[in-house]
Amino acid sequence: MNTDSHNRTLKLVLTALMAALAYISFTFLKINIPTPGGYTAFHLGNTFDVLASLLLGGWLGGIAGAIGMGIGDLLDPIYVTVAPKTIILKLGIGLITGLFAHKIFKIKTLEGKKLTKAVFLSSTAGMVFNIIGEPLFGYVYTAYILGTPEKAAKTLMAWNAITTTTNAVLTIIIASLLYLAIYPRLKNNGTLQKISPKD
């Protein structure tokens, strides 16, 4: 197997692994909260969307999150109607995190405190997108596409803002610490160079 083919296979396997971890953490590490406009939840699914984006870049990371959490919604009768919204937002998280990590900060070239700062800021950028996007896009999707009454959609938007912010803080901390923990080993054995997006 040539090097390019090996690297593509490695990226595909890691994308699938991150999608599976996003699905598991989104589906089984979740606390559902019913509201008049639908359900919202505390969950850890975004952690692996962000981690995948730090490792693999925005597109593959976003795809992993969108697949993992999209399947989670599709297989859950409570959330099946909002799966398209989830897929779009999770892809967005990955793209924003990857943009900051690999295009702006170029994290694979950093070490020490600069790396730590760049990883946390990149994770934060992806989560700020979600903190803004989830309630607003969720409101539009719920009220205008699903036809939920306005008052109920606004109640869901308010609860989404709370759960999304809590999920974001946990994601920033956990995903950043996981990346920083595995970074030295991946860099030393050459894996990081193989899986990181090209400059």
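The structure is a predicted model, in which local features need pLDDT of at least 70 and side-chain atom pairs count only at pLDDT 80 or more, while totals for chains, interfaces and linings use all residues. Residues are numbered from 1 along each chain as its sequence is written, and side-chain values use heavy atoms, with hydrogens and water left out.

Helices (H or I, at least four residues) and strands (E, at least two) are DSSP runs, numbered from the N terminus. Leu 115 is in contact (heavy atoms within 4.5 Å) with Ile 107, Leu 110, Tyr 179, Leu 180 and Tyr 183, when residues up to four places away in sequence are not counted. In soluble globular proteins, nonpolar side chains tend to be buried together.

Helix α4 (residues 83-104) comprises 22 residues and reaches 30 Å from its first C-alpha to its last, close to the 32 Å expected at 1.5 Å a residue; the expected span is 1.5 Å times one less than the number of residues. Accessibility is classed as buried under 20% relative accessible area, exposed over 50% and partly exposed in between (1.4 Å probe, protein chains only). The buried residues of α4 include Leu 89, Lys 90, Gly 92 and Ile 93, and what covers the buried residues of this helix includes α2 (46-56), α3 (58-74) and α5 (112-145). Just after α4, Lys 106 takes a positive phi of about 50 degrees.

Asn 130 is found in helix α5 and counts as buried at 2% relative accessibility. Apart from neighbours within four places in sequence, Asn 130 is in contact with Asn 46, Leu 89, Lys 90, Ile 93, Pro 135 and Thr 164. In helix α3, Leu 60 is partly exposed, with a relative accessible area of 28%. Residues touched by Leu 60 are Lys 11 and Thr 15, not counting those up to four places away in sequence.

Six aromatic pairs are present in the structure. Rings of Phe, Tyr and Trp (its six-membered ring) pair if their centres lie within 6.5 Å; planes under 30 degrees apart count as stacked, over 60 as edge-to-face and the rest as tilted. The pair of Phe 100 and Phe 105 is tilted, because the ring centres are 6.3 Å apart and the planes lie at 45 degrees. The pair of Phe 137 and Tyr 141 is also tilted, at 6.3 Å centre to centre and 50 degrees between the planes. Phe 137 and Tyr 141 both lie in helix α5, four residues apart, about one turn of the helix. Phe 137 is partly exposed at 28% relative accessible area, whereas Tyr 141 is buried at 8%.

Strand β1 (residues 30-35) pairs with strand β2 (residues 38-43) in the antiparallel sense over six bridges; pairing requires that DSSP finds at least two bridges between two strands. A hairpin joins β1 to β2 through two residues, and Thr 40 in β2 is the bridge partner of Ile 33.
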